[in-house]
Amino acid sequence: MKRIMTSAALLAALAAGPAQASFFADSLVSAVNTTSFGSGLVTGAPDGGGLFIGSDSDPPTFPGQFTVGFSTALGDGAGADLRLYELASSANETFDLFVSSDNINFTLIGGFNATNAFIDFNGQFAGPVSFVKIVNSSTVVSADFDAIEGLYAFNGGAVPEPGSWAMMLAGFGLVGAALRRRTVAIA
Ligand SMILES: [Ca+2]
Ligand SMILES: [Ca+2]
């Protein structure tokens, strides 16, 4: 009975899927020539504070950049994969966005501006995305980032339906039961 309840609890947890909150960038890996406003946090849920990507007020003396990490790696799902929370949202605030699995090799997803809240990886990067780097590409104004949210977890392919998780777990259960019977038989 105890084992059945444990399996049911596990199934319920998996069917519920990853919590949306865990998809916000949860570490600031590096920041160069950025300036804090409010909380200074680009990690976690939007809080009205963050980093603008310039060394000082517009026009920035030095354009800035920062890299955030996701402990839950992100994938390329249908449509947009990232949501950027930016405050002033001017088309003049331009930046390049890169993604990486290892914080060493980065792939350019594209050049965007602060009106582009939703970013689609669009098949340009196949691996798990554990790092997102944003680099100011304007010498006039700097975008003001509050939070970075991933919309899909990486799973090496399509997002599994809760039903397929259940089938997979049921499969594991059958294999496990067969192995136990085999062990008993040998013993
Ligand atoms: Ca996509
Ligand atoms: Ca923030």
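## Strand β5 and its two faces

In this predicted model, strand β5 presents a covered face made of Leu 82, Leu 84 and Glu 86, while Arg 83 and Tyr 85 make up its uncovered face. In a regular strand the side chains alternate between the two faces of the sheet.

Strand β5, which spans residues 82-86, runs antiparallel to β10 and is joined to it by five bridges. Within this pairing Leu 84 stands opposite Ile 148 of β10, and the bridge partner of Glu 86 in β10 is Phe 145. Strand β5 also pairs in the antiparallel sense with strand β8 (residues 118-119), here over two bridges, and in that pairing Leu 82 lies opposite Ile 119.

## Strand β10 and its surroundings

Strand β10 covers residues 144-150, and because seven of its seven residues are buried, the strand is largely enclosed by the rest of the structure. Besides its pairing with β5, strand β10 is joined by two bridges to strand β3 (residues 50-52), again with the strands running antiparallel.

## The five-stranded open sheet

Five strands are arranged as an open sheet with antiparallel pairing, in the order β1-β4-β9-β6-β7. Its edge strands, each pairing on one side only, are β1 (27-32) and β7 (107-113), and from one strand to the next the twist averages 20 degrees.

Inside this sheet, strand β6 (residues 94-100) and strand β9 (residues 129-136) are connected in the antiparallel sense over six bridges, with Phe 95 placed opposite Asn 136 of β9.

In soluble globular proteins, nonpolar side chains tend to be buried together. In this model the largest nonpolar core has 31 residues, of which Val 42, Val 132 and Ile 148 touch the most other members. Two or more residues are given to this core by each of β3, β4 (65-74), β5, β6, β7, β9 and β10.

What is Val 132 in contact with, once its neighbours within four places in sequence are left aside? Its contacts are Ala 25, Thr 67, Val 68, Leu 82, Leu 97, Val 99 and Ile 148. Among these, Leu 82 belongs to the covered face of β5, and Ile 148 is the residue of β10 that Leu 84 stands opposite.

## Phe 121 in the loop between β8 and β9

Phe 121 is located in the loop that connects β8 and β9. Is this residue buried or exposed? Phe 121 is buried, because 21 other C-beta atoms lie within 10 Å, where the cut-off for a buried residue is 20 or more.

When residues up to four places away in sequence are not counted, Phe 121 touches Asp 76, Asp 81, Val 99 and Ile 109. Of these, Val 99 is also in contact with Val 132. Phe 121 and Ala 80 are 41 residues apart along the chain, yet their C-alpha atoms are separated by 7.2 Å.

## The protein as a whole

The protein contains two helices and 10 strands, which follow one another along the sequence in the pattern α-β-β-β-β-β-β-β-β-β-β-α. Of its 187 residues, 31% count as buried. Among contacts in the protein with a separation of 6 or more, 71% are accounted for by residues 24 or more positions apart.

How values were computed
Residues numbered from 1 in each chain as written. Chains lettered and ligands numbered in written order. Predicted model: local features only at pLDDT ≥ 70, side-chain atom pairs only at ≥ 80, totals over all residues. Buried ≥ 20, exposed ≤ 12 C-beta atoms within 10 Å, placed from the backbone. Helix = DSSP H or I, 4+ residues; strand = E, 2+ residues; numbered from the N terminus. Pairing = 2+ DSSP bridges. Axes fitted to C-alpha atoms, helices over the stretch in contact; angles between N-to-C directions. Core = buried A, V, L, I, M, F, W, Y, C linked by C-beta atoms within 7 Å. Contact = placed C-beta atoms within 7 Å.
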